[in-house]
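I opened this notebook to record what I looked up, starting with the fold and moving on to the side chains. The entries follow the order in which I went through the model.

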Amino acid sequence: MNSKLVFAAVALLSTSAFAEEDLKPAQEEAKASFEEQISEPVNAANEKCGTKLTVKTDFQNFKPEAWANSSFGSYCEAAINAVTSMCERPAYKKAIAKKVTGVSCLFGGVKPPEKKDGTNDATLRNISLDKGTLTYRMSVDHTNIEDNTKAILEKALN
């Protein structure tokens with residue numbers, strides 16, 4: 001890979017916070033790990049879908065203790081993988097190329113589970129597509145992220 005492509009890939013993966021704030025050392029480490037983990041899935045999505053997706057997040061809201069035994073990057077990766085797999089279906093590939101411009105995987109603003117929730121309800125409540133951005137408010141308790149993201153995309157694009 002030539003250096004221009006590497007630079008372009010790194011530029012596309014910029015996961016800068018919405019409001020740049022000084023990050024604590026643990027948050028900086030987490031951000032670097034996150035960026036490394038999602039680089040390949042984002043590139044795969046862009047290649048398969050014909051998109052130029054970027055991923056944004058809010059590492060100022062990252063709490064290491066909340067994610068101590070979890071690979072938080074894999075949660076966002078599952079949402080990105082859902083976009084990629086949707087592009088295997090020609091009609092959805094066309095819709096995603098037009099209507100999905102970015103992904104936000106956020107640590108803040110998670111909507112809590114409710115007493116009546118089934119297995120997937122809390123996860124579904126934290127995924128949305130609005131104004132071109134697929135937003136996933138991540139929680140260590142969420143399940144079936146890729147399938148739930150696909151369900152949200154199917155609903156939003158139809």
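**Elements.** I took helices (H or I, at least four residues) and strands (E, at least two) as DSSP runs, numbered from the N terminus. Read that way, the elements of the chain run α-α-β-α-α-β-α-β-β-α from the N terminus on, which comes to six helices and four strands.

**Basis.** I am working from a predicted model, in which local features need pLDDT of at least 70 and side-chain atom pairs count only at pLDDT 80 or more, while totals for chains, interfaces and linings use all residues. Residues are numbered from 1 along each chain as its sequence is written, and side-chain values use heavy atoms, with hydrogens and water left out.

**Whole chain.** I looked up burial, where buried means under 20% relative accessible area, exposed over 50% and partly exposed in between (1.4 Å probe, protein chains only); buried residues make up 42% of the 158 residues. For contacts (heavy atoms within 4.5 Å), I noted that residues 24 or more positions apart account for 76% of those with a separation of 6 or more.

**Aromatic rings.** I counted rings of Phe, Tyr and Trp (its six-membered ring) as paired if their centres lie within 6.5 Å, with planes under 30 degrees apart as stacked, over 60 as edge-to-face and the rest as tilted. The structure holds 10 aromatic pairs. One of them, Phe-34 with Phe-59, is edge-to-face, at 5.3 Å centre to centre and 70° between the planes. Phe-34 lies in helix H2 (residues 25-49) and Phe-59 in the loop between strand S1 (55-57) and helix H3 (72-86), so this pair ties together parts that are 25 residues apart in sequence. Phe-34 is buried at 0% relative accessible area, and Phe-59 is buried at 2%. Both belong to one aromatic cluster, which also includes Phe-62, Trp-67, Phe-72, Tyr-75 and Phe-107.

**Salt bridges.** Taking a salt bridge as a side-chain nitrogen of Lys or Arg within 4 Å of a carboxyl oxygen of Asp or Glu, I found five in the whole structure. Glu-114 and Arg-125 meet in one of them (3.9 Å, N to O); Glu-114 sits in the loop between strand S2 (102-106) and helix H5 (121-125), and Arg-125 in helix H5, 11 residues apart. Arg-125 also meets Asp-117 (2.4 Å, N to O), and a network of salt bridges links Glu-114, Lys-116, Asp-117 and Arg-125. Glu-114 is partly exposed at 37% relative accessibility, as is Arg-125 at 25%. Lys-150 and Asp-147 form a further bridge (4.0 Å, N to O); they are three residues apart in helix H6 (residues 145-157), so about one helical turn separates them.
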